[in-house]
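Here's a quick walk through a two-chain model. Have the structure open while you read, and we'll go from the layout of one chain to the places where things pack together.

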Amino acid sequence: MSQSDNSTVAHHFEHAHQQFSAAKLGMWLFIVQEILFFSALFVAYAVYRGLHPEMFIDAHHHLSWKMGGTNTLVLIISSFTMAMSIRAAQLNQRMASFWYLFTTLLCACMFMVIKFFEYAEKIHHGYLPSFWFSGEGVYETMHIFFGIYFTMTGLHGLHVLVGMGLIIWLMIETYKGRYNSEYFTPVEMVGLYWHLVDLIWIFLFPLLYLIG
Amino acid sequence: MSDKHEHFVIPLKYYVFTLIALLILTVVTVAVAQVDLGWLNIYIAMFVAMIKAAFVIFFFMGVRWDESFNKIALFGCLLFVLIFFVIVIADVSTRGGVYSSESEMFDIQSPVRPIGEGGHHGDSSHHGESDSYKSSSSSH
């Protein structure tokens with residue numbers, strides 16, 4: 001086992017645990033940065049909602065809370081399977097880890113498919129942000145709501161896509177048997193990232209789909 | 001095989017409870033949103049979202065068992081997010097008050113004058129202003 005230990009610990013670390021801690025701290029700093037950057041968008045939401053409260057309530061009726069709710073459930077389940085995949089890797093259960101990752105990926109795909117149908121409908125109604133907005137509603141400031149909607153869900157969707165890529169990579173590496181109870185750092189880090197994606201959606205869902 | 005720095009494996013029950021709690025809270029937040037409670041709706045929705053976030057952070061992300069330094073990074077960040085929200089919202093939500101009370105500003109001892117009027121601006125003019133303020137208040 002010390003043989004495999006030596007092969008995974010970089011020379012500037014004393015032991016595997018120190019390397020793991022350093023990687024995890026780096027990941028946390030990245031996550032913290034992500035939270036701060038999304039918080040600016042949430043503040044923008046709060047400011048514009050404060051300025052146009054009636055318009056926000058009217059505009060959100062154009063979003064389907066059923067689709068948003070389904071996506072919430074899908075993401076929560078994917079977060080659970082991701083956590084289970086890390087656990088399986090920690091317990092040397094290679095194939096269990098693989099299939100949990102596969103389920104997570106499946107949930108992520110489902111999220112994106114639902115998102116695709118939502119976007120297609122919004123685009124069909126002309127609710128694209130900025131210059132491309134051509135929708136008609138009771139309030140002429142409605143483009144602000146959809147600008148915020150597309151920016152926030154779009155950036156979140158981008159994070160889901162990146163996460164899907166990372167999960168595919170983890171699946172390949174897990175299948176090759178790269179991870180075990182001694183070394184599972186990438187699984188843990190992608191797990192943290194994936195939970196962050198879930199965390200952001202937990203706030204996006206009520207703010208965009210359930211207001212009023 | 002066993003190392004003195006063996007990784008702590010989070011007991012399964014925490015993951016299962018978190019999943020169930022998150023599913024129940026999602027149903028709760030959707031159900032509450034169907035009832036019109038006026039201004040209360042947004043507060044309930046945000047409260048439920050924060051409980052859900054706490055479940056994800058403490059159990060799925062394992063912060064409950066994590067090293068203190070990672071906790072400081074996270075909670076420090078959340079503190080700054082809070083400051084960001086409180087200050088911006090306090091600003092935006094009280095601007096209406098500033099505009100409406102403009103007409104009530106009649107009892108100001110030393111109103112702000114445009115720079116052009118006084119001629120100089122610098123240390124000397126500041127002295128002059130504070131002196132005139134002092135003299136006017138002492139003359140009462």
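## Two domains in chain B

Bear in mind that this is a predicted model. In chain B, 20 Å separates the C-alpha centres of domain 1 and domain 2. Domain 1 covers residues 10-61, and domain 2 covers 66-93.

As for secondary structure, chain B has five helices and zero strands, so you'd write its pattern along the sequence as α-α-α-α-α. How much of chain B is buried? Of its 140 residues, 14% are. If you look at contacts in chain B with a separation of 6 or more, 52% come from residues 24 or more positions apart.

## The nonpolar core

Now look for the largest nonpolar core, which has 72 residues. Which of them touch the most other members? That would be A:Phe145, A:Ile200 and A:Leu204. Helix 7 of chain A gives the most, with 17 residues.

Setting aside neighbours within four places in sequence, A:Leu204 is in contact with A:Met152, A:Thr153 and A:His156.

## Where the chains meet

Next up, the interface. Here 40 residues of chain A are in contact with 36 residues of chain B. On the chain A side, helix 2, helix 4 and helix 7 each supply at least two residues. Which helix of chain A gives the most to the side that touches chain B? It's helix 2, with 15 residues.

One last stop is the loop between helix 4 and helix 5 of chain A, where you'll find A:Asn92. Its phi is near 65°, a positive value in a residue other than glycine. For context, most residues other than glycine have a negative phi.

Is A:Asn92 buried, exposed or partly exposed? There are 13 other C-beta atoms within 10 Å of A:Asn92, so this residue counts as partly exposed. The reasoning is simple: buried takes 20 or more such atoms and exposed takes 12 or fewer, so anything in between is partly exposed.

Methods
Residues are numbered from 1 along each chain as its sequence is written. Chains are lettered from A and ligands numbered from 1 in the order in which they are written. This is a predicted model: local features need pLDDT of at least 70, side-chain atom pairs count only at pLDDT 80 or more; totals for chains, interfaces and linings use all residues. Helices (H or I, at least four residues) and strands (E, at least two) are DSSP runs, numbered from the N terminus. Two residues are in contact if their C-beta atoms, placed from the backbone, lie within 7 Å. Domain bounds come from an automatic or database domain assignment. A nonpolar core is a set of buried Ala, Val, Leu, Ile, Met, Phe, Trp, Tyr and Cys residues joined through C-beta atoms within 7 Å.
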